[in-house]
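Please look over the sequence and the structure below. Then read the short report.

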Amino acid sequence: MHHDYFRVAACVPPVRVADVEANACAIIEMLGQLDSRGVELAVFPELCVTGYTCGDLFHNETLLEAAATAVSEIAEATKNMSVHAIIGAPMVFDERLYNCGIVVGQGMMKLTVPKTYLPNYNEFYERRLWTPAPKVVDTEDSRMAVSPNKIVQINGVKIAIEICEDLWVPIPPSCHASMAGAKIIVNLSASPDTIGKYDYLRELIAQQSARCICGYVYAAAGFGESSTDLVFDGKGIIAENGVILGSTPRWKEGPQYIIRDIDIALLSHDRMHRGTFADCADRENTVAFPTVQQLNLNLSELLDPENQEGLREKLDKIIGQNKDEDENREDTQLLRTIEPHPFVPSDDAEIDRRCDEIVNIQVAGLAQRLRATGCKCLVVGISGGLDSTLALLVATRAFDRLGLDRKGIIGVTMPGFGTTGRTHSNALTLMDALGVTFREIPIGPAVEQHFRDINHDPSVRDVTYENCQARERTQILMDISNQENGMVLGTGDLSELALGWATYNGDQMSMYGVNASVPKTLVKYLVRWFAFRSENPDMAEALVDIIDTPVSPELLPPSADGEIAQRTEDLVGPYELHDFFLFHTLRYGFPPERVYFMACRAFIHQHHGKTYQGRGGMEVGKYQPEEILHWMKVFYRRFFSQQFKRSCMPDGPKVGSVCLSPRGDWRMPSDASAAAWLAAIDKISPDNA
């Protein structure tokens with residue numbers, strides 16, 4: 001494994017029904033290709049050694065002997081490979097015929113697991129041919145699993161097997177296997193295709209990987225299986241914790257496979273973090289099944305020399321070719337996509353659904369707070385920036401839902417030393433279009449008086465100069481809310497809370513923080529979502545311009561040409577980087593070195609260091625490794641030092657998996673030290689990006 005990523009492949013080799021020799025050669029040839037690409041585990045379809053559609057030929061001794069020989073030859077072929085494989089073949093034990101998944105690697109057969117549930121309905125008649133896996137197998141052959149839950153360990157990762165129908169039953173074997181420690185579940189399948197089945201299957205695989213908090217590798221039979229009554233489309237699907245990482249194209253005639261890296265650290269974190277996973281294992285009396293290590297089988301004793309000569313010649317040729325490829329193993333590139341914007345959905349359709357859900361959560365939370373307090377007035381500071389815009393849009397929807405007059409929403413603009421015409425104009429347009437009450441109170445004179453009161457030189461534009469303005473604005477909002485028997489609606493977002501980019505007892509404070517768990521990279525999509533639905537062209541134009549306006553607190557005077565001089569991301573760092581650090585640090589608890597590794601792949605290597613369009617069309621910045629390290633250090637330093645602001649943050653609705661509420665998801669002492677995290681960053685070399 002590399003950085004706790006375990007490389008797997010879901011394989012669909014071509015099959016010739018009952019031609020075991022040809023099938024074995026195809027499997028070994030594919031294994032050679034996968035080995036050269038650094039694959040650690042290759043999963044093949046159900047009964048791929050013989051073909052699934054052999055019918056009553058499975059009860060013929062000639063086919064069974066050929067299958068046993070081929071399995072042993074495939075195992076022996078892995079002697080000089082790093083890849084392990086799980087192949088499907090018939091196996092006879094104690095005069096019972098089992099449909100099995102067989103683990104081979106390092107020249108050995110390591111584990112054999114029989115199919116547990118045999119379908120005998122519709123097009124299936126498997127009970128005619130096979131014996132279901134017994135709960136206990138009375139055999140001295142150590143290759144036979146004691147139960148379907150028995151686990152094999154490969155490169156430190158525990159893996160369990162289920163076969164086709166096993167996934168479709170109410171309690172799949174993978175449920176118990178995952179609770180017993182298996183991080184990867186593989187499914188060898190030969191599921192024929194029917195209308196609508198594929199979409200249902202993808203959902204089933206994704207859900208099972210989520211339920212078991214595991215990686216799920218599914219390989220199903222394809223081209224070459226008999227089409228007497230059924231058609232097999234060839235499906236390779238890899239999922240991880242509820243997400244489909246990739247799948248092979250269907251209906252292909254040649255050999256195909258898909259390779260992905262499964263994040264073992266992610267799975268370990270979620271199993272530890274969700275205590276109910278272990279609770280369920282305890283309640284089900286699930287114990288950690290022993291892993292099967294090297295069994296030291298002498299494969300030559302399992303083979304009849306008279307039956308293997310022709311196959312050996314072909315295999316030797318294939319293995320020899322693979323040895324040459326092995327010298328150029330391709331295992332440095334991560335074979336999975338790491339999204340640079342993890343809070344943002346994958347495409348426009350999903351963004352639309354997600355935004356609708358988030359807005360409804362925000363609106364429902366605010367509406368309930370208004371209902372509970374009997375308050376019919378909201379006071380919102382409107383700057384013409386993204387956060388206050390989103391808060392105002394949510395407020396109007398909440399008032400509409402409660403049947404309240406929008407005039408009860410008081411939008412207050414408070415021009416200061418850094419306010420530009422662009423943001424001021426957009427704020428006015430927005431409030432006019434939404435039909436809320438508008439008030440404008442310039443803060444300049446009051447702040448200048450305050451400078452005189454505390455003996456501060458206004459030419460010294462330091463933190464005092466900036467925070468005086470923020471606190472003056474908050475005082476105005478709070479006092480208006482008292483006048484109107486209302487409440488102040490907070491506008492700060494999740495990213496600002498994480499970085500502490502707010503003035504303590506200034507814009508950090510309100511009666512309800514409606515954006516508190518919405519990260520900055522997602523705020524602009526929510527505003528865009530409103531813009532696309534606006535029937536007022538002036539409002540839509542203003543919203544688009546607000547999205548394009550640089551993020552700024554506008555506390556320092558603008559430039560000579562009236563443009564914003566104080567850009568937040570120049571000071572605190574790019575929000576897309578900070579949101580990336582925030583997500584992987586809080587959601588999965590990853591250490592800095594792993595977050596850095598992932599960030600480099602998301603923002604540099606994955607796209608060759610070029611600016612590109614990310615999720616939903618969001619442009620991803622181009623960074624150097626040194627920049628990522630620099631802003632990582634800023635993130636951890638600020639995240640730890642600014643906890644005191646979060647410890648007293650107002651109530652606000654949780655909308656996603658990452659939340660910093662001190663009453664809910666994140667409870668951290670304000671005096672916690674960041675030393676260990678900063679020391680870890682100091683050990684990272686940009687040369688290793």
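The report covers a sheet, its helices and one threonine.

## About the model

This is a predicted model: local features need pLDDT of at least 70, side-chain atom pairs count only at pLDDT 80 or more, and totals for chains, interfaces and linings use all residues. Residues are numbered from 1 along each chain as its sequence is written, and side-chain values use heavy atoms, with hydrogens and water left out.

## The sheet

Five strands form an open sheet with parallel pairing. Their order is E16-E15-E14-E17-E18. Strands (E, at least two residues) and helices (H or I, at least four) are DSSP runs, numbered from the N terminus. Two strands pair if DSSP finds at least two bridges between them. At the edges are E16 (437–440) and E18 (512–513), and each pairs on one side only.

Strand E14 (residues 378–381) and strand E15 (residues 409–413) run parallel, joined by four bridges. Val379 has Ile410 of E15 as its bridge partner.

## Helices on the sheet

Helix H9 (residues 348–373) packs on the sheet and touches E14, strand E17 (487–490) and E18. Contact means heavy atoms within 4.5 Å. Helix H10 (residues 386–402) also packs there, touching E14, E15 and E17.

## Thr423

Is Thr423 buried or exposed? Thr423 counts as buried because its relative accessibility is 4%; buried means under 20% relative accessible area (1.4 Å probe, protein chains only). Thr423 lies in helix H11 (residues 421–434). Not counting residues up to four places away in sequence, Thr423 touches Ser383, Gly384, Thr549, Glu554 and Ile564. The Thr423 side chain reaches the backbone oxygen of Thr420 at 3.2 Å.

Definitions and conventions. Buried means under 20% relative accessible area, exposed over 50%, partly exposed in between (1.4 Å probe, protein chains only). A polar contact is a pair of N or O atoms within 3.5 Å; within protein, one must be able to donate a hydrogen and the other to accept it, and residues adjacent in sequence count only if both atoms are side-chain atoms. Axes are lines fitted to C-alpha atoms, for helices over the stretch in contact, and angles run from 0 to 180 degrees between N-to-C directions.
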